[in-house]
Amino acid sequence: MSNHRIIMLLLALLVLGLLGPVAVAQDTATLTVSIWGFNLDVLEENVFAPFEELHNVEIVLDTGNNSDRLARLQAQGESTDVDVVHFATQFTHIASQADLLQSYNPDMLENLDELYDWAQDPLGNQAGVGYTVNSLSLIYRSDLIEAEITSWADLLRDDVAGFVSIPEMSTTFGPATLIMIDRALAMQDMEEGEEPAEINYDADLAWEALPQLADNLVTTYIRSSELTTLVQEEEVRIAPYASFAIGNLINTGHDLSTVVPDEGIVGQTNMISITAATDKVDLAHAYIDWFISHDVQLAEALDLIDSPVNATVELPEDTCALLTCGEMLDTMIVLNQAEVTDRLEDWLERWNEVMVR
């Protein structure tokens, strides 16, 4: 073979070698997932990496809290790159009302029937599937607070003043905290044996008590990671906490006790929805189906990240005690998200009037 032919052959192989990776990259689909920036290392191991390998897809993350990500989705509209979005139920409701989501197809979700009924379609319009249930209850430093914590109203006690933190009103559980304080105050004057107070979505008693609560606060928090830091640094001794944060709170090493207050706990699902703008409907359904599958739900629960909504998942008793599962599912209070959302704009204004001073 002549030198000219050898050179030409080498050039041809070089070109083919350069084109090969480009062709593979073009064949690899992407799925943009909007989600909180919390526990991403565990989610990568349990959810994202296995899904990418299974479907030859690259997951691109859009992270932030509910409010920030919803605002971006609203601003971008049809031009958004987001294909699927994780929101707390309250924010899914807002996104659905704004026509930012498309309905899921039950026939494309093989694992849907394995979910508890209340998780299969939490809003009743197929705007999304519940993939985990979170609860809001209380946690406190039992080594530093002598009198036992038993009620949401204990956040107002003098002996905890200066060591309290609560979620900001703009967060998932901000309104819920105020509603449960209102329920506790309403129940204080009840006779023993009386029926518990109904949920008052106007929360009049709590609003009256908010200045007193504000005086007890060291700060409010937006992200659960902020609460973990506050507890770690011993600035906070008592706070409402979301159940998905329990693993990180335990890892602070402090003597913490969890409380199911006498007035109950708040439960709500986090949901996965398909954006109205995406054309990757099949892949989006596959992602949802993967997240609600038995194996993923079990892995997330064992790592104390997500409480399972797949009814086929069985957990060790000590793990279940740290999550929202078992008997807690029968006693939790699920708030009407439409009632909460209708009041939120006004509540944010009232909240700032008290807190910003």
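Student: Which side chain does Glu-226 meet in a salt bridge?

Tutor: Glu-226 meets the side chain of Arg-223, at 3.5 Å from N to O. A quick word on what we're looking at: this is a predicted model, where local features need pLDDT of at least 70 and side-chain atom pairs count only at pLDDT 80 or more, while totals for chains, interfaces and linings use all residues. Residues are numbered from 1 along each chain as its sequence is written, and side-chain values use heavy atoms, with hydrogens and water left out.

Side chains of opposite charge can pair when their charged atoms come close. The cut-off for a salt bridge is a side-chain nitrogen of Lys or Arg within 4 Å of a carboxyl oxygen of Asp or Glu.

Back to your pair: Glu-226 is partly exposed at 29% relative accessible area, and Arg-223 is partly exposed too, at 38%. (Buried means under 20% relative accessible area, exposed over 50%, and partly exposed in between, using a 1.4 Å probe and protein chains only.)

The structure holds 9 salt bridges. In another of them, Arg-157 pairs with Asp-159, their closest N and O atoms 2.9 Å apart. Here Arg-157 is buried, at 19%, whereas Asp-159 is partly exposed, at 44%.

Then there's Lys-280 with Asp-83, whose closest N and O atoms are 4.0 Å apart. Both residues sit in loops, Lys-280 between β10 and α10 and Asp-83 between α3 and β3, so the pair ties together parts that are 197 residues apart in sequence. (Those helices, H or I with at least four residues, and strands, E with at least two, are DSSP runs numbered from the N terminus.) Lys-280 is partly exposed at 26%, but Asp-83 is buried at 5%.

Finally, Arg-141, Asp-143 and Glu-234 are linked in a network of salt bridges.
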